Amino acid sequence: MKCPFCQHGDTQVLDTRVSEEGDVIRRRRRCGKCDKRFTTYERIELIMPAVVKKNGSRTEFAADKLRGSLMLALRKRPVAAASVDTAIASIQEKLLTSGLREVDSGYIGELVMQELKRLDKIAYIRFASVYKNFEDLAEFQDAIAEVGQARKP
């Protein structure tokens, strides 16, 4: 590891600690040349699959866009931020464990709809109306009936 102060290539690890969540390793280091200390963090680098849009173009997966879509559907709804974070993590985990290098944007939309159906029925209807491009009242009624059936034991 290069020293960020003098660019010397020989640094010594003084202390190593694992974060509470267990997903990050923190290391205190000391430069052998200038004797200055600095901290480095090690994280697992996971590569999300590329997103293939309806027009065939490809783009990087963006968690910010996912969060924006969820927040728009959940606007003025009583859903905790922690629940939104959990939903985003769930979607990302499903994408990572799929093992695919590319996924259709439609697949991501379906995952979002599953999470919204679990979080808030009104948000689900909002998202579905845009995602499925509802054109008349019958389509809204079908979506509402679907959500209503899921609720009955």
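Visitor: What makes the 21 Å reach of α3 close to the span expected of a helix with 15 residues?
Guide: This is a predicted model. The expected span is 1.5 Å times one less than the number of residues. For α3, with its 15 residues, that gives 21 Å. From first C-alpha to last, α3 also reaches 21 Å.

Visitor: Which residues of α3 are called buried, and why?
Guide: Buried means under 20% relative accessible area. In α3 the list is Ile 108, Gly 109, Leu 111, Val 112, Met 113, Glu 115, Leu 116 and Leu 119.

Visitor: Where does α3 lie, and at what angle to β6?
Guide: α3, residues 105-119, lies across β4 and β6. The angle to β6 is about 65°.

Visitor: What is the strand order in the sheet that holds β4 and β6?
Guide: The order is β5-β4-β6, in an open sheet of 3 strands with mixed pairing. β5 (58-59) and β6 (102-104) each have a single partner strand, so they stand at the edges and one side of each lacks a neighbour in the sheet.

Visitor: What makes β4 and β5 a pair?
Guide: Pairing needs at least two bridges. β4, residues 50-52, and β5 share 2 bridges in the antiparallel sense. In β5, Arg 58 stands opposite Val 52.

Visitor: Why is Val 51 called buried?
Guide: Its relative accessible area is 9%. The cut-off for buried is under 20%, so Val 51 qualifies. Val 51 is found in strand β4.

Visitor: Which residues is Val 51 in contact with, leaving aside neighbours within four places in sequence?
Guide: Contact means heavy atoms within 4.5 Å. On that test, Val 51 is in contact with Ser 57, Arg 58, Thr 59, Glu 60, Phe 61, Val 103, Ser 105 and Ile 108. Ile 108 is also one of the buried residues of α3.

Visitor: How many residues apart in sequence are Val 51 and Arg 37, and how many Å apart in space?
Guide: They are 14 residues apart in sequence. C-alpha to C-alpha, Val 51 and Arg 37 are 41 Å apart.

Visitor: Which strands form the antiparallel open sheet, and in what order?
Guide: That sheet has 3 strands in the order β1-β2-β3. On average, neighbouring strands here are turned by 25° against each other, direction ignored.

Visitor: How do you know that β1 and β2 pair?
Guide: The test asks for at least two bridges. β1 and β2 have 7, in the antiparallel sense. Val 18 stands opposite Ile 25 in β2. Gln 12 has Arg 30 of β2 as its bridge partner. β1 and β2 form a hairpin with 5 residues between them, and Gly 22 in the turn has a positive phi of about 80°.

Visitor: How many bridges join β2 to β3?
Guide: Here too, at least two are needed. β2 and β3 run antiparallel and are joined by 7 bridges. In β3, Phe 38 stands opposite Arg 29, and Arg 37 stands opposite Arg 30.

Visitor: Which residue takes a positive phi in the hairpin of β2 and β3?
Guide: Asp 35 does, with a phi near 65°. The hairpin has 5 residues between the strands. Asp 35 is not a glycine.

Visitor: What makes the charged end of Lys 36 sit over the ring of Phe 5?
Guide: The distance limit is 6 Å from the ring centre, and the charge must also be within 35 degrees of the ring normal. The charged end of Lys 36 is 5.0 Å from the centre of the Phe 5 ring and is classed as sitting over it.

Visitor: How many aromatic pairs does a search of the whole structure find?
Guide: The search finds 0. To count, ring centres must lie within 6.5 Å.

Methods:
Residues numbered from 1 in each chain as written. Predicted model: local features only at pLDDT ≥ 70, side-chain atom pairs only at ≥ 80, totals over all residues. Heavy atoms only, no water. Phe/Tyr/Trp six-rings, centres within 6.5 Å; stacked < 30°, edge-to-face > 60°. Helix = DSSP H or I, 4+ residues; strand = E, 2+ residues; numbered from the N terminus. Axes fitted to C-alpha atoms, helices over the stretch in contact; angles between N-to-C directions. Buried < 20%, exposed > 50% of the residue type's maximum accessible area, 1.4 Å probe, protein only.
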